[in-house]
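Morning, everyone. Let me put the model up, and then I'll walk through its cavities and one of its sheets.

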Amino acid sequence: MTRIVIIGGGPGGYEAALVAAQLGAQVTMVEQDGPGGACVLTDCVPSKTLIATSVRKQALLDAPSLGVAFSGGPDGDAGVVGVDLPLVNKRVKELAQAQSADIATRVEAEGVEIIRARGRLVDPQVVRAGDRTIRADVVLLATGATPRVLPGAEPDGERILNWRQLYDLEELPEHLIVVGSGVTGAEFAGAYRSLGSEVTLVSSRDRMMPNEDADGAEVLEEVYRRRGMNVMGRSRAASAKRTDGGVVVTLEDGRTAEGSHVLMTVGMIPNTPGIGLEEAGVQLDQGGFVKVDKVSRTSAPGVYAAGDCTGVQMLASVAAMQGRIAVWHALGEAVQPLRLATVASNIFTDPEIAAVGVAQQAIESGEIEANVVKLPLATNARAKMSGFNDGFVKLFCRPHTGIVLGGVVVAPRASELILAVSVAVQQRLTVDQLAHTFAVYPSLSGSITEAARRLMQPGVSI
């Protein structure tokens, strides 16, 4: 029986453990924080739970435009929609623990041994887990990553925070300064603005989320400004210091921003130091990420890696697929190499921004030839009924064959709507095939089939 040891219990680790156990391997998963890892306990699950609460709050704030009024305020005025932050954070933490427990139950039911300890490589076939030494035929590294610290802005857990420390706050920040306008910064900035905090978003680039779809980022920035957020472009933070009543963020050009709290979202660093990787022959890149190939192999024989520690694409879905691919390959199963062109991603802002396949930037640069159509969400009947005015559906296809290359959806629950485009990209469907698929009327997904109809190829048969 093949012995597999997995260091790390996040999506890359526990999904791999499930596959390995189902294929008959003897599996041990070493995780110091708990099943689910940082993704479930401190990062993805908690943040999306908080965001779900903020979306509900924003819906209540927007309800009067649909004819829904609130009463009960003083002198008959409209009542105030409040936020009980300790209760919100309690729910966030409890939900994360419950999800971790569910994962533990599922993994242990398949016969996987879970060791609560810090794991390290002794050599490519030996893992040290706490006071135990385990010999393995295959080792999978899934150690994840941790928030990067900006020198001069070290988190103190009270006023200067990373996103893992937010859930210990007892009061809603009066004025939250968010440093970093990537995906994480944009998500938390929008969430806390909807919950009721004044928010200043400090972006070092010309626009928010410079690595994402430009049209989507433009829509979101417009929404944020309309909701009262202060978005500071071309403003790179140099330091963050506590003051008597809050914090002051100093920018590289000498300007300052003052608030009650500051949230640092300036990237991630891999959890690779001090666990014996280089000594065991596992090569790292300049950023400390584990180098892997398309089937998750490292440079050390029998050692694979998956998830954020590889820096391939920091998404839970990618980590899980890397882990599965590693196990399938290690156990001799038929396997397809990781195809990043088919990965769907989502930014959990309000509205959400989901994308899959090629990016418009590649089309505009001439790297990829494609036809493009973009439909405003405001023209969709269901969107009008629900009062959704911001967003769009964008679809890309090959000019002659009509094969769907990708798309972007900016809308409420775009994370659900993008699946149709993902299936089309994965299965190499044409816009004609997508256009001949029934969509419910009225529905937001109807905009996807309408976009496909506008891209239909004359003379092409399905």
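There are 2 cavities of 30 Å³ or more in this structure. A cavity here is a set of points on a 1 Å grid over the protein atoms alone, where a 1.4 Å probe fits but cannot get out. Volume is the space filled by probe spheres set on the points, with grid points joined across faces, edges and corners.

Keep in mind that this is a predicted model: local features need pLDDT of at least 70, side-chain atom pairs count only at pLDDT 80 or more, and totals for chains, interfaces and linings use all residues. Numbering runs from 1 along each chain as its sequence is written, and side-chain values use heavy atoms, with hydrogens and water left out.

Start with the largest cavity. It holds about 60 Å³ of space. Lining residues have an atom within 4 Å of a point. Among them are Ile51, Glu187, Tyr224, Arg227 and Asp350. Which helix gives the most to this lining? Helix 5, with 4 residues. Helix 3, residues 44-62, also supplies at least two. By class, the lining has 5 nonpolar, 4 polar and 3 charged residues. For the classes, Ala, Val, Leu, Ile, Met, Phe, Trp, Tyr, Cys and Pro count as nonpolar, Asp, Glu, Lys and Arg as charged, and the others, Gly among them, as polar.

Now the second largest cavity, at about 30 Å³. Its lining is Ile4, Val138, Leu140, Tyr304, Ala326, Val327 and Ala330. That makes 7 nonpolar, no polar and no charged. Helix 7 (316-330) and strand 7 (138-141) each supply at least two residues. Helix 7 gives the most, with 3.

Helices and strands are DSSP runs, numbered from the N terminus: H or I over at least four residues, E over at least two.

Pairing needs at least two DSSP bridges. Strand 10 (175-179) and strand 16 (261-264) run parallel, joined by 4 bridges. There, Ile177 stands opposite Val262 of strand 16.

Methods:
1 Å grid on protein atoms, 1.4 Å probe; cavity = no way out; pocket = protein on both sides within 12 Å on 5 of 7 lines; lining within 4 Å.
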